[in-house]
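This briefing is meant for a reader meeting the structure for the first time, and it looks at how two chains come together. Please keep the sequence and the model in view while reading the points below.

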Protein chains: 4
Amino acid sequence: MSDSVICSNQTTFRVRYGETDQMGVVNNAQYASYFEIGRTEMFRQLGLSYAQMEKDGLMMPVSELFVKYYSPAFYDELLTIETSVSNRPTSRICFNYKVYNQQRALITEGYTWLAFLNAATRRPMRVPEAILQALSIK
Amino acid sequence: MSDSVICSNQTTFRVRYGETDQMGVVNNAQYASYFEIGRTEMFRQLGLSYAQMEKDGLMMPVSELFVKYYSPAFYDELLTIETSVSNRPTSRICFNYKVYNQQRALITEGYTWLAFLNAATRRPMRVPEAILQALSIK
Amino acid sequence: MSDSVICSNQTTFRVRYGETDQMGVVNNAQYASYFEIGRTEMFRQLGLSYAQMEKDGLMMPVSELFVKYYSPAFYDELLTIETSVSNRPTSRICFNYKVYNQQRALITEGYTWLAFLNAATRRPMRVPEAILQALSIK
Amino acid sequence: MSDSVICSNQTTFRVRYGETDQMGVVNNAQYASYFEIGRTEMFRQLGLSYAQMEKDGLMMPVSELFVKYYSPAFYDELLTIETSVSNRPTSRICFNYKVYNQQRALITEGYTWLAFLNAATRRPMRVPEAILQALSIK
């Protein structure tokens with residue numbers, strides 16, 4: 001089933017002052033960067049290092065981003081990002097994200113699609129075996 | 001018709017060094033900020049100042065963001081953002097964006113929904129008359 | 001003595017992907033934001049919340065920033081920022097910062113001066129008593 | 001004389017919404033990025049392209065940054081950055097910056113030192129001849 005979660009991760013981080021804007025809340029553009037924290041930490045939990053994978057010749061540019069904003073986040077709040085993968089990656093992978101505040105209110109959710117590229121040629125490639133193995137979906 | 005463009009704007013800007021990431025291209029999060037340039041300039045073209053509207057008690061937080069990335073953008077490129085509104089605003093407004101590089105290739109497109117809020121109460125409100133008038137859709 | 005440290009704090013954080021630039025290292029502008037993490041955490045350690053102080057009518061804009069870059073920082077590195085105050089605050093306060101990587105190499109150092117402003121009037125004021133008390137330098 | 005200006009440039013740009021913070025003014029970290037606009041445009045005026053120089057194997061990391069903040073800048077303001085070089089570059093180059101608002105008030109000033117690095121080896125090198133020639137200080 002495409003809806004069953006293959007893998008998920010929870011990571012907590014604090015809102016920085018410079019991430020707010022003059023509306024007094026976290027600027028909308030910031031969430032794309034929070035999502036990046038989420039997937040980096042999911043890779044780490046899987047025993048993978050995106051930093052190392054990139055050195056080994058893989059690039060994973062974002063090909064699609066969606067964010068739905070329900071409530072604002074504020075400076076110095078401790079936010080929790082829940083990142084999950086529910087579909088077997090092919091030539092790309094979809095990460096889903098939910099961001100919660102300390103009252104456990106869902107404040108933002110969204111997803112990103114990332115492509116797998118050969119860093120040398122910048123051409124698309126299939127999902128590396130190491131990722132499938134880490135996701136236990138060989 | 002919901003597909004006919006009510007209003008559109010073209011604005012050109014240059015990619016800054018700090019907007020790139022170690023992939024050597026503009027970081028994905030940056031486009032949400034480019035989209036903000038687009039709608040600010042459309043408002044200016046309409047004779048409206050978002051800065052002034054905010055001082056007058058209106059806030060327009062982003063409630064939804066979508067970005068589709070086709071090709072990368074590079075440091076120092078002159079990009080053109082085309083911003084348009086195709087639907088009559090109600091309690092929210094949708095802006096569509098297309099980002100082109102100097103070869104006129106469409107590199108990114110997307111949209112944002114923004115809510116109209118009373119800045120004092122942070123409660124939703126209907127689209128201000130001044131915006132409908134500026135869009136000539138009274 | 002102006003050189004004896006009144007208060008110091010150590011905080012650890014991870015470099016995000018979007019904080020790098022196409023040189024493959026953390027962009028120089030990012031350190032001003034890292035410094036802000038350092039002073040927020042020092043305030044927290046002192047039992048003060050800058051977020052709360054701002055709600056109570058205090059603003060502390062940066063009036064001077066200095067950064068010396070010795071070595072680059074890389075994506076996903078765990079950096080440690082050491083923040084200290086060595087001078088009794090008057091109408092402004094100086095924070096010193098040292099940023100170390102995981103090999104404990106000093107990669108960046110610097111300082112910021114921040115003014116104390118009355119948020120309502122945006123006029124300068126003297127250091128609040130609560131800050132002197134927290135620093136134990138009444 | 002070290003104080004006579006060898007070269008200077010003026011560039012104008014507009015403050016983006018996401019560049020403000022909850023103090024309602026441009027965030028202090030943003031100026032390092034404004035300074036980068038200034039030196040990119042000075043290079044362009046000299047007939048040099050920093051983007052091209054980097055492709056040709058030169059890197060110019062910032063080794064020192066100083067910023068003095070006199071007055072705040074606001075969303076949608078048109079700022080002017082004046083960038084100048086007053087000293088003959090050696091293995092590094094100093095750029096001075098002054099940022100003015102539309103009332104021509106000096107709101108921020110500062111400088112950056114940048115090193116010349118061989119991009120392949122990341123080792124220091126002397127200022128390239130092309131830069132001395134462009135500055136007419138052969």
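In this predicted model, two salt bridges are counted between chain B and chain A. One of them joins E64(B) to K68(A), whose closest N and O atoms lie 3.6 Å apart. Between chain B and chain A there are also eight residue pairs in polar contact, with both residues of each pair at pLDDT 80 or more.

**Elements on the chain B side**
- The side of chain B that touches chain A draws at least two residues from each of α1 (30-45), α2 (50-55) and β3 (62-69) of chain B.
- Of these elements, β3(B) gives the largest share of that side, namely eight residues.
- Sorted by class, the side of chain B that touches chain A consists of 14 nonpolar, four polar and five charged residues.

**Strand pairing across the chains**
- Strand β3 of chain A, which covers residues 62-69, pairs with β3(B) in the antiparallel sense, and the pairing runs over five bridges.
- Within this pairing K68(A) stands opposite E64(B), and these two residues also form a salt bridge with each other.

**Extent of the interface**
- In terms of contacts, 23 residues of chain B meet 23 residues of chain A.
- The area that chain B and chain A bury between them is about 1900 Å², with 55% of it on carbon and sulfur atoms.
- On the chain B side, the residues that lose the most area to chain A are M23(B), L65(B) and Y69(B), which together account for 30% of what that side buries.

Definitions and conventions: Residues are numbered from 1 along each chain as its sequence is written. Chains are lettered from A and ligands numbered from 1 in the order in which they are written. This is a predicted model: local features need pLDDT of at least 70, side-chain atom pairs count only at pLDDT 80 or more; totals for chains, interfaces and linings use all residues. Side-chain values use heavy atoms; hydrogens and water are left out. Contact means heavy atoms within 4.5 Å. Buried area is the accessible area (1.4 Å probe) that two parts lose on being put together, summed over both. A salt bridge is a side-chain nitrogen of Lys or Arg within 4 Å of a carboxyl oxygen of Asp or Glu. A polar contact is a pair of N or O atoms within 3.5 Å; within protein, one must be able to donate a hydrogen and the other to accept it, and residues adjacent in sequence count only if both atoms are side-chain atoms. Helices (H or I, at least four residues) and strands (E, at least two) are DSSP runs, numbered from the N terminus. Ala, Val, Leu, Ile, Met, Phe, Trp, Tyr, Cys and Pro count as nonpolar, Asp, Glu, Lys and Arg as charged, and the others, Gly among them, as polar. Two strands pair if DSSP finds at least two bridges between them.
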